[in-house]
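Visitor: I am new to this structure, and I would like to understand the words used for it. Could you take me through them with care?

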Amino acid sequence: MTRNGNLNNMAGVAKLPSVRKEIRFLPIRKANLMKLFNSLSGKKETFVPNDPSRVTMYVCGPTVYNYAHIGNARAAVVFDVVFRVLRHEFDHVVYARNITDIDDKIIKAALETGDPIDQITQRFTRAYNEDMAALNVLPPSVEPKATEHVDGMLSMIADLIEKGAAYEAEGHVLFHVPACESYGAISKRSREDMIDGARVEVAPYKRDPADFVLWKPSTADQPGWDSAYGRGRPGWHTECAVMIKEHLGETIDIHGGGQDLKFPHHENERAQAVCAHEGAPLARFWMHNGFLDVDKEKMSKSLGNVLLPHDLVESMPGEAIRYALLSAHYRKPLNWTASGLDRAKQALDRLYRTLSTLPGPHKASGPPESIRKALLDDINTPKAQAGLFDLARQANSSDNDQEKARIKQQMLAAGELLGFFQQEPESWLQSAGQAPDIDPDEIERLLELRQRARAAREFEQADQIRDQLEAEGIILEDGPDGTRWRLG
Ligand code: AMP
Ligand code: ZN
């Protein structure tokens, strides 16, 4: 009987509070090696969830007025791996990634295109989900939309005003930054830096230059909601603070996003949530992915170098794009190049080719410890990718079918953690133009013929068959238990 089973039985018999407490914390044992870099402490820390039976993660999602670019995709893919690893280590993980469907950029897009706002937001929410699905990004557990949480935002704003942390001025409601003593804890910026960096217009009605908007007025042609402060709309930072509270709770385990969001967005989300919740931390771990540049340049419309997964998937499998996005550690910058993407594709071709030759069922077992450990060590995806190649090498050099089958199942399990091998090897190789033109039954028939020729010592005919298959790109390997074929 497992330790888990023992404890459950004990709980059934004794019902002692101390035993129940032990059961509550039991799942930690499985994941006690997980370390994550926490932007708040600036250190790698052991990740122990607040409630291991409900691990909570929130990631700031897209503002839906355009297709996601490859930098946005990096954030989605990185946190998808975090989600996959957490799901592997803990029984229940709730992952919320929001949709920002009210924002000035959306209003601007509607003015430019003449399309109604809800048409734009629905179109690009769908496109975002389709593009991310093409990169094997799992749907989050919840995908809250800002426009569906305006009531919650208005009640948080009212609460902050009552607590003296926010004030109304000329149709706006502003958060008063000096009300949050620890403001700046995530970005580690000085107050002067923050005021400069926020690049917010220092409006005359602000009590402090760092104060930021929780609610702003809408003109008649702008979307808006009636409120005690007049018709208006929420500020971006309030949206996330409220969606976190409503879907995950006051204090969550992990809050993620790209490093550009540390300031002002995450500082502002955190300040208002901490004030609204009597000092309770908003997130215990703050994780930030590094930026992606294209050919060493920041992506920008003016440079014309903005790459969209939506376009890239026309000529590259989404899984290869994903592989390239995970080829640098998530906290490091990633320089995106066409040759890097080609290398990612070739790496997957090689791994799929190995998988296609391995015997046994196409079924995942547990991931090998080396790959699990790499991922538990602050999501070291490049090390995990190298681990896949170690496995492939072991499999290719083994002549033991049982071992090969075991490695295949380990590779598939590691693939589930990383979001690779989501296709049957044959279909990957087929679409990669690597599948033999010749059908596998025909190959087996020729192998049988060659076997008979060899048994009859008709070596010339046997060699002819080998040459014919080689010309089709099929390599034969004679072993103690017969001949196996693989793609060359
Ligand atoms: P946005 O829609 O601009 O709010 O961005 C959505 C997510 O993508 C956020 O987590 C951003 O930090 C992230 N992001 C935006 N640009 C990049 C980039 N070039 N590299 C990495 N992450 C990015
Ligand atoms: Zn956010």
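Guide: Buried residues make up 50% of the 488 residues in the protein. This is a predicted model, in which local features need pLDDT of at least 70 and side-chain atom pairs count only at pLDDT 80 or more, while totals for chains, interfaces and linings use all residues. Residues are numbered from 1 along each chain as its sequence is written, and side-chain values use heavy atoms, with hydrogens and water left out.

Visitor: What makes residues of α5 buried, and which are they?

Guide: Buried means under 20% relative accessible area (exposed is over 50%, partly exposed in between, with a 1.4 Å probe and protein chains only).

Visitor: Why is α5 called a helix?

Guide: A helix is a DSSP run of H or I with at least four residues, numbered from the N terminus; α5, residues 117–134, has 18 residues, and therefore passes that cut-off.

Visitor: How do you know what span to expect of α5?

Guide: The expected span is 1.5 Å times one less than the number of residues, which gives 26 Å for α5, and the helix reaches 26 Å from its first C-alpha to its last, close to that expectation.

Visitor: What do the buried residues of α5 pack against?

Guide: They pack against α3 (70–89), β4 (93–97), α4 (104–113) and α10 (309–312), where a contact means heavy atoms within 4.5 Å.

Visitor: Which residue follows α5?

Guide: The helix α5 is followed by N136, whose phi is positive, near 60°.

Conventions: Chains are lettered from A and ligands numbered from 1 in the order in which they are written. Helices (H or I, at least four residues) and strands (E, at least two) are DSSP runs, numbered from the N terminus.
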